[in-house]
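The following paragraphs lead through the overall fold and then through selected charged contacts. Please keep the sequence and the model at hand.

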Amino acid sequence: MAFEKKTVRDIDVDGKRVLMRVDFNVPLEDGKITDDTRIKAAIPTITYLVDHGAKVVLMSHLGRPKGDGPEPELSLKPAAEKLADLTGFDVTFVDDTYGDKAKKAVDAMEPGQIVVLENVRFDKREKKNDPEIAKKLSELGDIFVLDAFGTAHRAQGSVVGPAAYLPAVAGFLLEKEVDTLTSIFKNPARPFVAIVGGSKVSSKIGVLDHLLDSVDTLIIGGGMAYTFFLAKGYTVGESLQEPDWVEPAKQMMEKAKKNGVKLLLPIDTVVADHYGPDAVGEVVPSSAIPDDRMGMDIGPETAKLYADAIAGAATVFWNGPMGVFEFDQFSDGTRAVAEAVADNEDCTSIIGGGDSVAALNKFALADKMSWISTGGGASMELVEGKELPGVEALQDK
Ligand code: ADP
Ligand code: MG
């Protein structure tokens, strides 16, 4: 499927003030950016706009401010500086979002210049999508561009608001993310293998449900596996479990059968007697988890089984680690899966989810994947088959 919304390519930006919502919600430690992936991801659209003579006005949220005014430690200033470092463009930061200072800074712009506005969430009306906010923001632009894939699932002031007042189009990151994460469900190269892990069934049920309509094989790992074990009648000791989700897990297993989807669950499990960096692992059959132990990772037999399934895949979607990969002794299962995806060079591999990406970075395998989504929640909503409010608000092609 081609992306059905207009993009910056479909509109004349020359000499125009382009108000662009980006996702500069980067992790900070002591005022320093520890991961600039999200800033880098916005650069192709910013570069296009600069090259085409636009005055580029950037806005974003950062962290979780209270919404009662400026919080210096959550300022976008470091992000603006990082953008200048990375691109060499003429970037000005203004410590105002839509007041007089912001207006003045934008009025003084020349084509090719960039202004970064202050954190949109310093005002609590942003999250409530207050029309006042939308109006004020839209006065800073002639065109609205949404490139903040990571917040495109939130109907908030700076994400959807300006689209009511200005011609609204997508940036390249948004286009690529939406295209990639929806096209795998339209006409995937087969076999299509999905790997879903992480902590809870409850947070991924929509994802599992939608995947079962498309995939050939669904691989389950991580903490959610134990709720599936309960659904199979196993006991799981002290493992993470969600008793209220046993019934939905059963329904997923039935749906898999009905749809002819091969559902793979761990056949062996690495257990420990407590959760912690010093915990020692022991491999047991998944049907024999002792009462005083908890599951921490998939076992080596399972890792082999999963790697075989992945080796034969033409399309892979992966979300959620196979175990508590943060502790090295329980990272083998996740590593085995990551390596299997990396080794299958012919497949299209699409990765979503913050912790899955962290795991890939830990194993230095991120550059072997076809596409790593920059948006956790937004990518999950696309994989659940939902429309993103930010995308819906844009102009149709
Ligand atoms: P993602 O961010 O990739 O979507 P999730 O947030 O759903 O992934 O889950 C990641 C978390 O799941 C990690 O912190 C990991 O430690 C945890 N997890 C994985 N396996 C287990 C397990 N067996 N028991 C408890 N937690 C687990
Ligand atoms: Mg996570």
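**Charged contacts in the model**

E282 is partly exposed, with a relative accessible area of 38%; buried means under 20%, exposed over 50% and partly exposed in between, with a 1.4 Å probe and protein chains only. R293 forms a salt bridge with E282, the closest N and O atoms being 3.7 Å apart; a salt bridge requires a side-chain nitrogen of Lys or Arg within 4 Å of a carboxyl oxygen of Asp or Glu. This pair links distant parts of the chain, with R293 in the loop between β13 (282–285) and β14 (294–298) and E282 in strand β13, 11 residues apart. Helices (H or I, at least four residues) and strands (E, at least two) are DSSP runs, numbered from the N terminus.

This is a predicted model, in which local features need pLDDT of at least 70 and side-chain atom pairs count only at pLDDT 80 or more, while totals for chains, interfaces and linings use all residues. Residues are numbered from 1 along each chain as its sequence is written, chains are lettered from A and ligands numbered from 1 in the order in which they are written, and side-chain values use heavy atoms, leaving out hydrogens and water.

The protein chain has 14 helices and 17 strands, and buried residues make up 57% of its 397 residues.

The structure holds 21 salt bridges. In one of them, E175 and R9 meet at 3.4 Å, N to O. E175 lies in helix α6 (residues 172–186) and R9 in the segment before β1 (17–21), so the pair ties together parts that are 166 residues apart in sequence. E175 is buried, at 13% relative accessible area.
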